[in-house]
Amino acid sequence: MLLLSFLAKAYMPSRQDISTITINSICGFESSLIIKITTNSIIIPQGFCNKKECSTDGHEIQYLGYHDIFKFVPEQYLTGSNYISPITYDGWATTKLEICFVDGRCHLLNYEKSDNKEMILFDNKLNEILSGKSKYQFHSKTIPPMPKVIFDKKNLISINLYQLIGYPFTEVLLFTITADSITKYPSKKCYLIYGELECEEKRESIRYQDKYNIFKAFPTLFLSGSNFIDLREYGGGEGNDFELFKIEGCFTDGHCNIWDSDVVNRYHDDQTTEFLNKIRKLYYDTLKSNTTN
């Protein structure tokens, strides 16, 4: 028993190994980012939360530079994952804490109040930041200029939607969308449940009409070429409540433009936001129908 205890502690990551902390508000299939902290940045999507309920139309702000938040992470959060998804309980909501480390591992936990001194101190530090009372100076996040359009939408023939799974790195083709149809492929659908990757096999393809008008909503931004960032390299894609997608738009001459679903955090473009919302609705409607069947 002593040997097992020693080995468990030996493999437990330290605070110095932390690369990213992400906190999301989760309600059923919906997720919204509260704060994201990397080794040299703090990002708050909706600005400072000075009220009990945060506004959903705030402006994203960020702090760039040194901070000491990681040294306040409770030891309990370093021991492993213990996350229960709201999908398991109808109508249930939670706050998800995701801590990722430099070796690629991530711990998922339900972030809750506690009488543990370390957890109280960590919670107080986060509340100082979210209320604008910390020592860090925040500024509006810089939005990159919109790239020039170089491809013609009339030559678009298909949109392929891939799900990106972080551990192990897996890429699953979910749908192909054309001007008049959606094909849902037989494939392994994988989810991270209680820290373990579980997959289920789908046995048949399903082809039906594009009632979501996803093909027509293909954004002008995606006609500028490829702009794909694999967020799995930064600790993304582990949770099953807010998936990472790779979107591939293919044209008549054979080339395809590839983008990631996190593009809305780089370009605040209404067309792109609407397009990704349609994709997420398709995905979650399909997921819910699979869960109830």
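Trainee: Let me start with a single side chain: is Arg266 buried or exposed?

Mentor: Keep in mind that this is a predicted model. The cut-off for buried is under 20% relative accessible area. Arg266 has 16%, so it counts as buried.

Trainee: Which side chain meets Arg266 in a salt bridge?

Mentor: The general idea is that side chains of opposite charge can pair when their charged atoms come close. Here the partner is Asp260, at 3.0 Å from N to O. Asp260 is buried as well, with a relative accessible area of 3%.

Trainee: How many salt bridges does the structure hold?

Mentor: Eight. One of them joins Lys246 and Glu171, whose closest N and O atoms are 3.0 Å apart. That pair links distant parts of the chain, since Lys246 sits in strand 14 and Glu171 in strand 9, 75 residues apart. Lys246 is buried at 9% relative accessibility, while Glu171 is partly exposed at 41%.

Trainee: Which residues are linked in a network of salt bridges?

Mentor: Asp68, Lys71 and Lys135. Asp68 is buried, with 13% relative accessible area, and Lys71 is exposed, with 53%.

Trainee: Now a charged residue without a partner. Where does Asp269 lie, and how far away is the nearest side chain of opposite charge?

Mentor: Asp269 is in the loop between strand 15 and helix 3. It is buried yet has no salt bridge, and the nearest side chain of opposite charge, Lys153, is 11 Å away. Setting aside neighbours within four places in sequence, Asp269 is in contact with Met146 and Leu221.

Trainee: On to the nonpolar side. Which residues touch the most other members of the largest nonpolar core?

Mentor: In soluble globular proteins, nonpolar side chains tend to be buried together. In this case the largest nonpolar core has 29 residues, and those touching the most other members are Ile159, Ile177, Ile214, Phe218, Phe222, Ile247 and Phe275. Strand 8, strand 9, strand 14 and helix 3 each give two or more residues to this core. Helix 3 supplies the largest share, six residues.

Trainee: Take Phe218 from that list. What is Phe218 in contact with, leaving aside its neighbours within four places in sequence?

Mentor: Lys153, Leu156, Ile159, Leu223, Gly249, Phe251 and Phe275. There is also a second, separate core of 27 residues, and Ile23, Ile42, Met119 and Ile129 are among them.

Trainee: Strand 14 keeps turning up. In what sense do strand 14 and strand 15 pair?

Mentor: Antiparallel, over five bridges. One example is Glu248, whose bridge partner in strand 15 is Ile258. The two strands form a hairpin with four residues between them, and Gly254 in the turn has a positive phi of about 100 degrees.

Trainee: Last topic: how many disulfides does a search of the whole structure find?

Mentor: Two. Cys250 is joined to Cys256, with 2.0 Å from S to S. The torsion about that S-S bond is about 105 degrees, so the Cys250 and Cys256 disulfide is right-handed. Cys250 is buried at 8%, whereas Cys256 is partly exposed at 27% relative accessibility.

Trainee: And which cysteines form the other one?

Mentor: Cys100 and Cys106, their sulfur atoms 2.0 Å apart. Their link is right-handed too, with 105 degrees about the S-S bond. Cys100 is buried at 1% relative accessibility, and Cys106 is buried at 13%.

Terms used: Residues numbered from 1 in each chain as written. Predicted model: local features only at pLDDT ≥ 70, side-chain atom pairs only at ≥ 80, totals over all residues. Heavy atoms only, no water. Disulfide = S-S within 2.5 Å. Buried < 20%, exposed > 50% of the residue type's maximum accessible area, 1.4 Å probe, protein only. Core = buried A, V, L, I, M, F, W, Y, C linked by side-chain atoms within 4.5 Å. Contact = heavy atoms within 4.5 Å. Pairing = 2+ DSSP bridges. Lys, Arg positive; Asp, Glu negative; His and termini not counted. Salt bridge = Lys/Arg side-chain N within 4 Å of Asp/Glu carboxyl O.
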